[in-house]
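Read each task, then check the solution against the atoms.

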Amino acid sequence: MAKRLLQGNEAVLLGAVKAGATYFAGYPISPSSEVLMAASVYAASHPELRFLQAEDEIASANAIIGASLAGAKSFTATSGPGYSLMQEAIGYAHKLGVPTVFVDVQRVGPATGMPTMPGQGDILQTRYGSSGDYTSIVFYPSTVAECYEYTIHAFNCAEESRSPVILLSDAFLGHLNEVVDLDAIDVPVVPRTLEPLASGHTRLFSGVATYPDGEPATADGDEFIRQYEEAKALRLEVADRYAFYEYGWNKDADTLVIAFGITRRIAQPLAPHFALFRPIRIWPVLQDQLREIAPRYKRLVVIEGSDGQYASVVERVLYRDVHRVPLLGGRMSLEAVREGLERIGLLPRELAQATVS
Amino acid sequence: MSYKDKIKTDLFPTIWCPGCGIGLIMTQLATVMDDLGLDKSNTVMVTGIGCTGRMGAYMQFDSVYTLHGRTLPVAEAIATVRPELNVIVVSGDGDLTSIGGNHLLHAIRRNPRIKVLCNNNEIYGLTGGQTGPTTPVGTKTVSSPAGATFSPVNLQGLVNTNPNAFYAKTTVYHQGQMRRAIKEAIEWPGFAFVDITSQCIENNGRRIGFPSANEMLNYYKKEYRQAPPGSTQLANHQLGIVKGKPAETEPVPVGAASGNGSGEA
Ligand SMILES: Cc1ncc(C[n+]2csc(CCOP(=O)(O)OP(=O)(O)O)c2C)c(N)n1
Ligand code: SF4
Ligand SMILES: [Mg+2]
């Protein structure tokens, strides 16, 4: 197919279909609703995609887990409050080892917050939102074409890692229209890995700690640790094959900007003055890459749509201070980036002048 | 074949307290499954957190032990993806009607082909006997020392908001009638709900004055009566099966939305 104009949220749906998704459940919420609506329209003419507009996000999240166990590649899409409601189910999918995909089109929270304004405040929630320990894999594209591409990667990675994989987006990216050529994006599709329900076994898919034979293991720390380490090892090993990032702009500059998702696009005019590190795989954090690249720079600046969520992660990984440019209240614009850089004394003179002109 | 082939007897003894009613449900369910030829290649069990939900671990099927309250969305999705399967939900009254109440409301409305056996012990058994939405008014529990305050949820009324649905009331004392209700539910072409009164002897019965499970079963024998044949509405403590008109078409996934949503929330 030739080039076409496509919206970020619609690109997610097309990526899911390309990856072999056959089940979607969701509940309307801005700014993710276009994924749900596009899924319903697609399902009407392609009955192989089963579609459920569920009663809420809790039902959606649990339904995609049931669908995946039954043999379908499945996904949901939500935002802010809906994503919060899904946290218990995400932990459950981790515990069961169920491949499925959660799309979180971020808006400004907490609570109902600013429903149509872009934010990046779910970075830590995608890692730690459910209770207990588990190993999250999260991707965050920056362009409409990447929404398509990384949705396919998310499905593939979910299959290989046997875990719920999160695809992050935001109100800006989800609603962005760009010209894309999907045919130019060629990501091989990983087939189904989990043997579907009723294949002749008597397995117990239990959120409760159990031994392999189904007996409760609710007081056996050794068994818990054995199962936990096994799941963690698989997920880390698979995540290694999906260590996507971008390192570029002016690599000889003395300051490294770290930005991801739509923020990286907004910050594009900084290119002549800064080096750029853009994590696409947000979790597990790209620790080796950061530790290799960051020491080349005098200063690090994290520009993000939250009050330092990713910055705190970078500090922890590198044991060094980073400068922060938080873009809050939906003010995700070059203007806000300039203001933030000025506040910390890092705004290049050329960019300051551009503001005046 | 025997009902025992449907049960992992090697895992016995179960974790259930001696005298608990759940085992009586498992035996009748296994018997019906055996009669109807349900096996691990055509049937999936879905259970929720609670004493009742442990049943999935003891049966010879693939079984999904869901989060507390979430059996129905999981079961409905399985039935959507694999319409050829028998999808049997077994869960507690708290799980299905309290934390899972919203899913129950909407599963009834959508009428998926799933069968729900509700172990209605009128209490939160697993967590130690707190009052729940099925606890009769006045019952003293560890969380209602002066007696439960609110009227129990009307399960029959809820299920029958869908004219296509199936509702049966039975007890663990009335084994033959329970078996019939489970069998007809499994054969029903849509959503079926079997409301099974049973005893939680440890965390409820003894506290409300029953010395043992035996007295509770005798109480069910004395208190419950078969409804007159053809009843379309069961009175309190009446046993029977109320069937709607079977839906003419299989439930289908929601089709395309027309128009463009323009609001925001
Ligand atoms: C989200 C959540 N809230 C609370 C609990 C604690 N909990 C476990 S079982 C249960 C109640 C079980 O009662 P019921 O569903 O009637 O089952 P029974 O034990 O009586 O068979 C509760 C409240 C939980 N596991 N998860
Ligand atoms: S606590 Fe009650 S419901 Fe749970 S196993 Fe014991 S008797 Fe049965
Ligand atoms: Mg109960």
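**Exercise 1.** Is N121(B) buried or exposed?

Solution. The model is predicted, with local features needing pLDDT of at least 70 and side-chain atom pairs pLDDT 80 or more, while totals for chains, interfaces and linings use all residues. Residues are numbered from 1 along each chain as written, chains are lettered from A and ligands numbered from 1 in written order, and side-chain values use heavy atoms, without hydrogens and water. N121(B) has a relative accessible area of 8% and is buried (under 20%; exposed is over 50%, partly exposed in between; 1.4 Å probe, protein chains only).

**Exercise 2.** Identify the donors of the magnesium ion (ligand 3).

Solution. Donors are N, O and S atoms within 2.8 Å of the metal (3.2 Å for Na, K and Ca); water is not among the atoms, so sites may look incomplete. D93(B) (OD), N121(B) (OD1) and I123(B) (O) coordinate the ion at 2.1 Å. D93(B), in helix 3 of chain B, and N121(B), in the loop between strand 4 and helix 5, are 28 residues apart (helices are DSSP runs of H or I, at least four residues; strands of E, at least two). D93(B) is buried, at 2%.

**Exercise 3.** Which charged side chain lies nearest to R107(A) with opposite charge?

Solution. It is E57(A), 7.8 Å away, and buried R107(A) has no salt bridge (Lys or Arg side-chain nitrogen within 4 Å of an Asp or Glu carboxyl oxygen). Lys and Arg count as positive, Asp and Glu as negative; His and chain ends are not counted. The R107(A) side chain instead reaches the backbone oxygen of S30(A) at 2.7 Å.

Key:
Polar contact = N/O pair within 3.5 Å; in protein donor to acceptor, adjacent residues only side chain to side chain.
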